[in-house]
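This report describes selected features of a protein model. Please consult it alongside the sequence and the coordinates.

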Amino acid sequence: MPPLPGTSYFTHDYQWNKETREYDVTEISEYDKQRRVQYQQFWDRLLDTNAYTKIKTAASQSLLANTLATEFIALMSDAKRGQANIAKIQQVLTEIVSSIAFTTEELADIQTAFTQSGMFSIYTLE
């Protein structure tokens, strides 16, 4: 089904309406948004970014960054197995973004991985 402008598979459902001959778009529940996030896809895309390289470099130079990176990796491993701790993932994401000096391009890389995997539907980078 086609994502319509301003909508997404990760946030909406699409139902064909025979009468109007158009798709009806409805927002999905928070539960369904959580179920649709593709953590493995996010992780795979993140690994190929300069932002991930920045995280690794920061982790080698700072105990705080190392602790955050280790915790984030563990949380992502759990999430990829279907055991996402959403509140904790959000907390660690916020701490990573506020503790590591990412460039605009690196933040854009993270945002792209967020968008393509559906992470944006339940997490923020603030």
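## Basis of the model

The model is predicted; local features require pLDDT of at least 70, side-chain atom pairs count only at pLDDT 80 or more, and totals for chains, interfaces and linings use all residues. Residues are numbered from 1 along each chain as its sequence is written, and side-chain values use heavy atoms, with hydrogens and water left out.

Helices (H or I, at least four residues) and strands (E, at least two) are DSSP runs numbered from the N terminus.

## The hairpin

Strand 1 (residues 12-17) pairs with strand 2 (residues 22-27) in the antiparallel sense, over six bridges; pairing requires that DSSP find at least two bridges between two strands. Asparagine 17 is placed opposite glutamate 22 of strand 2. Four residues lie between the strands of this hairpin, in which arginine 21 adopts a positive phi near 60°.

## The buried side of helix 2

In helix 2 (residues 39-47), the buried residues are Tyr39, Phe42, Trp43 and Leu46. They lie on the same side of helix 2 because they cover an arc of only 95° around the axis, the arc being that of the directions from the helix axis to the C-beta atoms. Buried denotes under 20% relative accessible area, exposed over 50%, and partly exposed in between (1.4 Å probe, protein chains only).

An α-helix has 3.6 residues a turn, so residues three or four places apart point the same way. The buried residues of helix 2 pack against helix 3 (50-61), helix 4 (63-80), helix 5 (86-99) and helix 6 (104-117), with contact meaning heavy atoms within 4.5 Å.

## The cavity

The count is one cavity of 30 Å³ or more. A cavity is a set of points, on a 1 Å grid over the protein atoms alone, where a 1.4 Å probe fits but cannot get out; lining residues have an atom within 4 Å of a point. The largest cavity holds about 70 Å³ of space, the volume being that filled by probe spheres set on the points.

Its lining includes Phe42, Leu46, Leu93, Ile96 and Val97. Helix 2 and helix 5 each contribute at least two lining residues, and helix 5 provides the largest share, three residues.

## Two loop threonines

Threonine 49, in the loop between helix 2 and helix 3, is buried at a relative accessible area of 9%. A polar atom of its side chain lies 3.1 Å from the backbone nitrogen of tyrosine 52.

Threonine 103 occupies the loop between helix 5 and helix 6 and is partly exposed, at 33% relative accessibility. Threonine 103 and lysine 54 are 49 residues apart in sequence, with a C-alpha to C-alpha distance of 9.5 Å.

Definitions and conventions: A polar contact is a pair of N or O atoms within 3.5 Å; within protein, one must be able to donate a hydrogen and the other to accept it, and residues adjacent in sequence count only if both atoms are side-chain atoms. On a 1 Å grid over the protein atoms alone, a cavity is a set of points where a 1.4 Å probe fits but cannot get out, and a pocket is an open set with protein on both sides within 12 Å along at least five of seven lines; lining residues have an atom within 4 Å of a point.
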